[in-house]
Amino acid sequence: NYPLGNKVDLVERLLDRVRRLHVASYLSVERTVDARRAKSQFLASMSHDLRGPLTSVLGFSELLTGGFEGEIPDAVRRRLVLIHRTGRRLLRLLSEILDTAKVESQTIELHLKRCAPAELLLQAVAEARRGRLYEDVPLVVDAAPGLSSVSVDPLRFPQALAHLINHVLDCV
């Protein structure tokens with residue numbers, strides 16, 4: 001049995017505590033949003049800063065392996081192929097990190113369009129092949145005729161499928 005004054009005081013203290021918790025919760029959410037934004041900006045910047053030099057390394061290794069500088073010994077060719085493969089894997093990892101950050105920050109944009117499944121598969125295999133210089137693993141697309149079109153992002157879906165293909169090939 002509390003007197004009425006004590007009950008009013010208890011309710012006021014409870015309301016004050018609820019307000020403080022509400023403000024703390026709001027500030028926590030704001031800090032989380034700011035941290036995610038900073039993380040996305042960092043990943044985008046890091047990805048950009050690493051892609052430039054890595055693209056140059058890939059271009060030069062491909063030129064040298066393709067005979068741009070003339071005949072090269074087999075041992076050097078094998079090293080260049082290894083450099084190129086490793087560079088392509090790093091480039092794929094950078095792309096995956098950046099895409100993951102975009103998904104997490106909900107900034108990835110998808111543009112859905114009706115597409116033929118066989119064409120999507122061919123694009124994915126072509127993308128997977130681009131990253132694999134002198135690869136002995138044959139990639140064959142055998143799609144059943146007459147498949148219904150699907151609604152996907154025609155850029156992102158083959159990209160994602162190519163990532164899956166490359167991960168499988170990395171395990172072979």
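Trainee: Which residue forms a salt bridge with Arg77, and how far apart are the closest N and O atoms?

Mentor: In general, side chains of opposite charge can pair when their charged atoms come close. In this predicted model, Glu71 forms a salt bridge with Arg77, with 3.9 Å between the closest N and O atoms. That distance qualifies because the cut-off is 4 Å. Glu71 is exposed, at 74% relative accessible area, whereas Arg77 is partly exposed, at 21%.

Trainee: How many salt bridges does the rule give?

Mentor: The count comes to four. Among them is the pair Arg20 and Asp16, at 2.4 Å from N to O. These two residues are four apart in helix 1, so about one helical turn separates them. Another pair is Arg37 and Asp34, at 2.9 Å; they lie three residues apart in helix 1, about one turn. Arg37 is partly exposed at 44%, and Asp34 is partly exposed at 39%.

Trainee: Is Asp153 buried or exposed, and which side chain of opposite charge is nearest?

Mentor: Asp153 is buried and has no salt bridge; the nearest side chain of opposite charge, Arg156, is 5.0 Å away. Asp153 sits in the loop between strand 2 and helix 4. A polar atom of the Asp153 side chain lies 2.8 Å from the backbone nitrogen of His111. For the backbone nitrogen of Leu155, the distance to a polar atom of that side chain is 2.8 Å.

Trainee: Which residues make the nonpolar surface patch?

Mentor: Val23, Tyr26 and Leu27 make a patch of about 300 Å². Tyr26 belongs to helix 1 and counts as exposed, at 51% relative accessibility.

Technical notes:
Residues numbered from 1 in each chain as written. Predicted model: local features only at pLDDT ≥ 70, side-chain atom pairs only at ≥ 80, totals over all residues. Heavy atoms only, no water. Patch = residues over 30% accessible without salt bridge, like charges linked within 9 Å, V, L, I, M, F, W, Y side chains within 5 Å. Areas by Shrake-Rupley, 256 points an atom, 1.4 Å probe, with all protein chains shown as cover. Buried < 20%, exposed > 50% of the residue type's maximum accessible area, 1.4 Å probe, protein only. Lys, Arg positive; Asp, Glu negative; His and termini not counted. Polar contact = N/O pair within 3.5 Å; in protein donor to acceptor, adjacent residues only side chain to side chain.
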